[in-house]
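Subject: Structure handover and what I found

Hi there,

Here is the structure I promised to pass on. Have a look at it first, and then read on for my notes.

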Amino acid sequence: MEAPCPPGPPGLKNSAPMRCAWSRAGTRATLTSVRSPAGFFQSSGTRIVPHWTGYPSGASAHGCHVTGDAGAAEGAGATEGAGAAWAAGAIAVAASKVRALRATRWRTGRGMRRCRVLFMNMDLPQPGCDQPASGIRGTLYNSCMAHISRRRSLALAPAVTAALALTALLGPATGGASAVTPAAGNRPAPAADNDRAVVAGLERYAHPLRSAEPGGSTADLRAFGQLTRGADIVGLGEASHGSREVFTVKERLFRQLAEHEGFSAYAMEISWSAATRLNTYLSTGEGDVRQIMRDEFQDGYSLLNTEELAHLFSWMREHNRGGGHQVRVVGLDYSDADPEQYERILTWAEHNEPALAPGLRRHYAALRALPTGVAARMAAYNALPIAERKTMAKDADAAYQLLAGAGKQDAWVLQEARVIAHMAAEYTVDWSDPAQAKAASRLRDRTMAETAVWWQRQTGERIAVSAHDGHVCYETVMPEAYPVTMGADLRELAGRKYLAVGTSLYGGDYRARTATGGEGTYSVGPAAPGSNEYTLDKVRHRDFYVDLRAAGRDPVVNGWLTTARPTFVIPGRYPNDPAPSLALGRAFDVVVHLHHVRASVPVAPPK
């Protein structure tokens, strides 16, 4: 469910609420903007509006005194390195030339106590909240994060963090999001960010990652492989469905598991029939992988239509060509079934149980009459009257029961019929009814878990389950929508043979779908004090993975791991609440932490 657009203060034009994350009291401030008569424009054409802020002078920003009386800057005066030049009037910064925000009176020594931070312009979405985080704000954020990552050892962090927060943590109205504004009822636990014992305890079990990009030496992943031994099913979570480094580091992890730990399947939140088509490519090389992805990854699956996943599938194809143990894709979801799926069932029946064939054809007639092509088929199915969809669901279940009661049975044919029955039932759900939506989401997580377990037991091979952090974890972060997670179901079904690996990010960009069906790029972070990511990022490694089970044997670390705090679990829809409350130690066995992520790259349309 999408969060409503947050209203600005009453009576103020073009305004948006801003939460001051840097004072312990969580002082609120208001960002008020007015359109300039001169109409300042960025070089890209984004309108930049001047503003002033009511940030209370004297608020504490981790030792850096922030005042609101900074002068203004003109874009023409911005220089690479200085970040901005002071001038009178309104603020307009040439984002293309900014490498880092600079505050006056910066000092790199430990004695830094006072500084002035530049309050800069934002491109405020009007009138809605679902526009991408584009223009100056996104560019400045990316530039600053890159700059900070190169200078993390300097004592500039407090001032830079405060300046970045002003530009990046304005919430949905500007396309950003932050862990500093959890939903009501999910307030952060008392911060343990400065608890050196917690960080030291995590560091004892943290393993640095050489890179988030696949290729090159895998020596840094040997310990990860050891952590998975004893598990037949490993959940590989993703904090965001739309971040490049989240996808690429998961490719690195799966390649390690496939090449050194005997894993043979990569299960995903895609339809069973889409995975079947991909497996034909993986085993024979037939088709163009990007065209397959364009065809199959439609509607809710469109965020997976990325260059990062195309790279993974291409590697899987090359691995299979080597003649070793073959790797395959498993479709855990059931929002679509292509015509070939029905044909495989009917062909099996005609050769093995011919008496069933007429009944199966009758039960599948309406489903087989739907248009070809994923997008057209799903649209036509949704457009049917609900009564007709309910009849189709009864027929699909009847077809499954025929096969389940037959004298001869084939486990794979039964599975395909079962997927069709689940798909048809899902199309009868009234998603505007909260009770029905909750029940359908519960069934989806359970079915995905059962499919993963079925595959592992059917093949006897180890399987990686790739899904959102909110699915692979043991405890739900959205009980109103997902009362029980797939991870909890996997633990119930597989016991200790299931291992949950979550991903974590300190900040960066991600792609998400909007309420109107489009897609945009948005920013999140940097993680705020009191959040899980804020503490994880204090570990001395930029990117790393950590065994929470081992770290939790330390009583101090265990207290931190079992306390719920704001955590980036970013939905695939925007606007959203990206930082619900979660206790890492109760949700995952292992966490992979990334300092900075970029938005994933969509597969380009065919030329």
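First, the conventions. This is a predicted model, in which local features need pLDDT of at least 70 and side-chain atom pairs count only at pLDDT 80 or more, while totals for chains, interfaces and linings use all residues. Residues are numbered from 1 along each chain as its sequence is written, and side-chain values use heavy atoms, with hydrogens and water left out.

**Overall**

The chain holds 20 helices and 20 strands; these are DSSP runs numbered from the N terminus, with helices being H or I of at least four residues and strands E of at least two. Of its 607 residues, 56% are buried (under 20% relative accessible area, with exposed being over 50% and partly exposed in between; 1.4 Å probe, protein chains only). Among contacts (heavy atoms within 4.5 Å) with a separation of 6 or more, 74% are between residues 24 or more positions apart. The accessible surface of the chain is about 24,300 Å², and carbon and sulfur atoms contribute 53% of it (Shrake-Rupley method, 1.4 Å probe; for residues, only the protein chains shown count as cover).

**Strand β14**

Strand β14 (residues 508–514) is largely enclosed by the rest of the structure, because 7 of its 7 residues are buried. Two strands pair if DSSP finds at least two bridges between them. β14 runs antiparallel to strand β15 (residues 519–524), with 6 bridges joining the two; R511, for instance, has T521 in β15 as its bridge partner. The hairpin of β14 and β15 has 4 residues between the strands, and G517 there takes a positive phi near 95°. β14 also pairs with strand β18 (residues 573–574), this time in the parallel sense and over 2 bridges. In that pairing, T514 stands opposite Y574.

**Aromatic pairs**

The count of aromatic pairs comes to 11. The rule takes rings of Phe, Tyr and Trp (its six-membered ring) with centres within 6.5 Å; planes under 30 degrees apart count as stacked, over 60 as edge-to-face and the rest as tilted. W412 and W455 are edge-to-face, because their ring centres are 5.3 Å apart and their planes at 90°. W412 sits in helix α13 (residues 411–426) and W455 in helix α14 (residues 434–459), so the pair ties together parts 43 residues apart in sequence. W412 is partly exposed at 30% relative accessible area, whereas W455 is buried at 4%.

Y474 and Y498 form another edge-to-face pair, 5.8 Å centre to centre with 85° between the planes. Y474 is in the loop between α15 (469–472) and α16 (486–494), and Y498 is in strand β13 (residues 498–505), 24 residues apart. Y474 counts as buried at 16% relative accessibility, and Y498 is buried at 1%.

Ring pairs also link W272, W412, W454 and W455 into a cluster.

**Helix α9**

Helix α9 (residues 339–352) has 14 residues and reaches 20 Å from its first C-alpha to its last, close to the expected 20 Å (1.5 Å times one less than the number of residues). Which residues of α9 are buried? They are Q341, Y342, I345, L346, W348 and A349. These cover an arc of only 160° around the axis, so they lie on the same side of α9 (the arc is that of the directions from the helix axis to the C-beta atoms). Their cover includes α6 (272–284), α10 (357–368), α12 (386–404) and α13.

Best wishes
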